[in-house]
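Trainee: Could you pick a single part of this one and take me through it closely? I'd like to hear what it pairs with and how its side chains are placed.

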Amino acid sequence: MPKYKVVIHSPNGSSWEEDPVFETEEEATDYGCDAVSCFRLGGEILEMSNPWEEREDGEADFDVIEIDD
């Protein structure tokens, strides 16, 4: 039975695979949406603390990948 993982892509081109393994693609998609939302919120918080620091332009994104169990 396949399992699923989430790969996050930042606006600067870097990517990383998250640790959790999910039973369904829907669970992985929910996790990816939450991770991207947290990435965005973190950028907003950093902007409030130092508005002159350069930020990455663009949005984070994610892919759900199927892995063998």
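**A close look at strand S1**

Mentor: Let's start with the pairing: S1 and strand S3 (residues 61-67) run antiparallel, joined by 7 bridges. Keep in mind that this is a predicted model. One of the bridge pairs puts His 9 together with Asp 61 in S3. S1 also pairs with strand S2 (residues 15-17), again antiparallel, through 3 bridges. There, Val 7 sits opposite Glu 17. S1 and S2 make a hairpin with 5 residues between them, and Gly 13 in the turn has a positive phi of about 100°.

Side chains of opposite charge can pair when their charged atoms come close. The whole structure has 2 salt bridges. In one, Lys 3 meets Glu 23, with the closest N and O atoms 2.6 Å apart. That pair ties together distant parts of the chain, 20 residues apart: Lys 3 belongs to S1, while Glu 23 lies in the loop between S2 and helix H1 (25-49). Lys 3 has 13% relative accessibility, so it counts as buried, whereas Glu 23, at 41%, is partly exposed.

Lys 5 forms a salt bridge with Glu 17, at 3.1 Å from N to O. This one links S1 to S2 across 12 residues of chain. Lys 5 is buried, at 12% relative accessibility, and Glu 17 is partly exposed, at 44%.

Terms used: Residues numbered from 1 in each chain as written. Predicted model: local features only at pLDDT ≥ 70, side-chain atom pairs only at ≥ 80, totals over all residues. Heavy atoms only, no water. Pairing = 2+ DSSP bridges. Helix = DSSP H or I, 4+ residues; strand = E, 2+ residues; numbered from the N terminus. Salt bridge = Lys/Arg side-chain N within 4 Å of Asp/Glu carboxyl O. Buried < 20%, exposed > 50% of the residue type's maximum accessible area, 1.4 Å probe, protein only.
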